[in-house]
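Dear colleague,

Please find below the structure that I am handing over to you, together with its sequence. My notes on what was found in it follow directly after.

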Amino acid sequence: MQITNHKLDGLRFKQAKWMGGVITPEIVVLHDTASRLDPLNAANYLADNDAKVSVHFVLERDGTITQQVQTNRAAWHAGKSTFQGRDGCNNFSVGIEIVNPGRMTRTKDGFARTWWGGLFDAEGGTVGEIEEVTTPEHGAGLWMAYTEEQIEALLELLPALFAGIPTLRDITTHWYISPGRKVDTNPLFPLEHIRAKVLGRDDPADIAAEDASEPEAPYSYVEVETRGDNLNMRRWPSFNPNVLAAIPDGTPVPVLRRGMFGGREWLLVQYGGREGWIVARYAAPVTVS
């Protein structure tokens with residue numbers, strides 16, 4: 001099956017050199033390219049290489065999607081892998097590579113160094129936010145956040161896949177099917193949010209945010225203070241790609257809940273008919289009569 005849904009903006013098709021026989025896909029496996037961020041750098045390599053690797057889809061930083069293998073054919077993206085006791089995930093999965101540099105290390109002068117020697121501003125700069133995170137599955141490292149465009153494109157591609165392939169039943173990652181061998185997707189990827197949206201389940205991030213916060217007193221308001229900039233209102237209290245709206249400087253908004261997340265105080269506010277989280281340091285209490 002080749003995805004040709006016109007609603008998937010920017011979809012390209014470039015046939016991969018390597019692929020296997022006919023499969024019945026049951027899961028989607030998400031990967032990081034661990035590559036340079038230049039447009040089509042990873043896509044071109046995955047389409048034509050001597051390492052005999054391939055993937056069904058490549059997702060660029062700007063949200064552009066390149067399909068390289070039909071979804072009813074095997075692609076060589078998973079390697080040695082197991083999902084729920086079943087080995088050889090290439091034989092029953094659709095692979096999606098998300099352009100991201102992968103694990104990075106901190107240099108003495110404060111930069112994030114990639115495995116190929118590329119350097120990024122460890123504070124994020126103009127490329128993307130970089131955080132130092134350690135998890136049991138990933139170990140320690142510096143990691144680059146995914147872009148809003150990547151998450152939005154993924155939330156268009158995945159529903160199209162599940163609608164077009166009735167045998168699909170779950171979404172997982174390379175680190176899950178190859179534990180100890182792979183660490184992608186990185187710790188900043190909102191996996192459970194993606195799974196909740198696509199599979200129609202409760203979002204654990206929403207539940208955790210409510211459990212870790214307290215309701216604010218009725219008629220509590222704050223005014224956004226960002227010195228002329230807009231303030232991002234987010235679906236949950238983290239800097240992962242989850243922006244719902246941009247609140248202009250000086251806007252008063254009602255506060256619904258308050259809590260500490262990741263060492264920062266966050267406020268659940270209401271704006272534009274939606275509820276979302278803002279960082280408390282960019283808001284000042286106001287009295288609204």
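Two strands are said to pair if DSSP finds at least two bridges between them. Please keep in mind throughout that this is a predicted model.

**Helices H2 and H4**

The axes of H2 (residues 148-164) and H4 (residues 191-199) come within 10 Å and cross at roughly 40°. H2 is therefore oblique to H4. The crossing of the two helices is right-handed. On the H2 side, the contact is made by Ile151, Leu154, Leu155, Leu158, Pro159 and Phe162, and on the H4 side by Ile194, Lys197, Val198 and Leu199. As background to such lists, an α-helix has 3.6 residues a turn, so residues three or four places apart point the same way.

Which residues of H4 are buried? They are Leu191, His193, Ile194, Arg195, Ala196 and Val198. The cover over these buried residues includes E2 (27-32), H2 and E13 (170-173). Just after H4, Gly200 takes a positive phi of about 75°.

E9 and E10 pair in the antiparallel sense over 3 bridges, and Ala112 stands opposite Phe120 in E10.

Thr107 is placed in the loop between E8 (105-106) and E9 (111-113). Is Thr107 buried or exposed? Its relative accessibility is 12%, and buried means under 20%, so Thr107 counts as buried. The side chain of Thr107 is joined to that of Asp109 by a polar contact of 2.4 Å. Apart from neighbours within four places in sequence, Thr107 is in contact with Arg113 and Leu119.

**The E11-E12 hairpin**

E11 (residues 130-135) and E12 (residues 139-144) run antiparallel and are joined by 6 bridges. The two strands form a hairpin with 3 residues between them. Thr134 has Ala140 in E12 as its bridge partner.

**Backbone geometry to inspect**

Most residues other than glycine have a negative phi, and most peptide bonds are trans. The following places depart from that pattern:

- Ala34 has a positive phi of about 50° although it is not a glycine. Ala34 lies in the loop between E2 and H1 (41-47) and is partly exposed, with a relative accessible area of 28%.
- Tyr219 is not a glycine either, and its phi is a positive value near 65°. Tyr219 is in the loop between E14 (213-215) and E15 (221-224), and at 75% relative accessibility it counts as exposed.
- The peptide bond from Asp184 to Thr185 is cis, with omega near 0°. Thr185 lies in the loop between H3 (174-177) and H4.

**Pro252**

Pro252 is found in E18 (residues 252-261). At 44% relative accessibility, Pro252 counts as partly exposed. Leaving aside neighbours within four places in sequence, Pro252 is in contact with Tyr221, Val222 and Glu223. Pro252 and Gly272 are 20 residues apart in sequence, and their C-alpha atoms are 12 Å apart in space.

With kind regards

Terms used:
Residues numbered from 1 in each chain as written. Predicted model: local features only at pLDDT ≥ 70, side-chain atom pairs only at ≥ 80, totals over all residues. Heavy atoms only, no water. Helix = DSSP H or I, 4+ residues; strand = E, 2+ residues; numbered from the N terminus. Buried < 20%, exposed > 50% of the residue type's maximum accessible area, 1.4 Å probe, protein only. Polar contact = N/O pair within 3.5 Å; in protein donor to acceptor, adjacent residues only side chain to side chain. Contact = heavy atoms within 4.5 Å. Axes fitted to C-alpha atoms, helices over the stretch in contact; angles between N-to-C directions. Parallel < 35°, antiparallel > 145°, perpendicular 65-115°, else oblique. Left-handed = near helix turned anticlockwise from the far one by under 90°.
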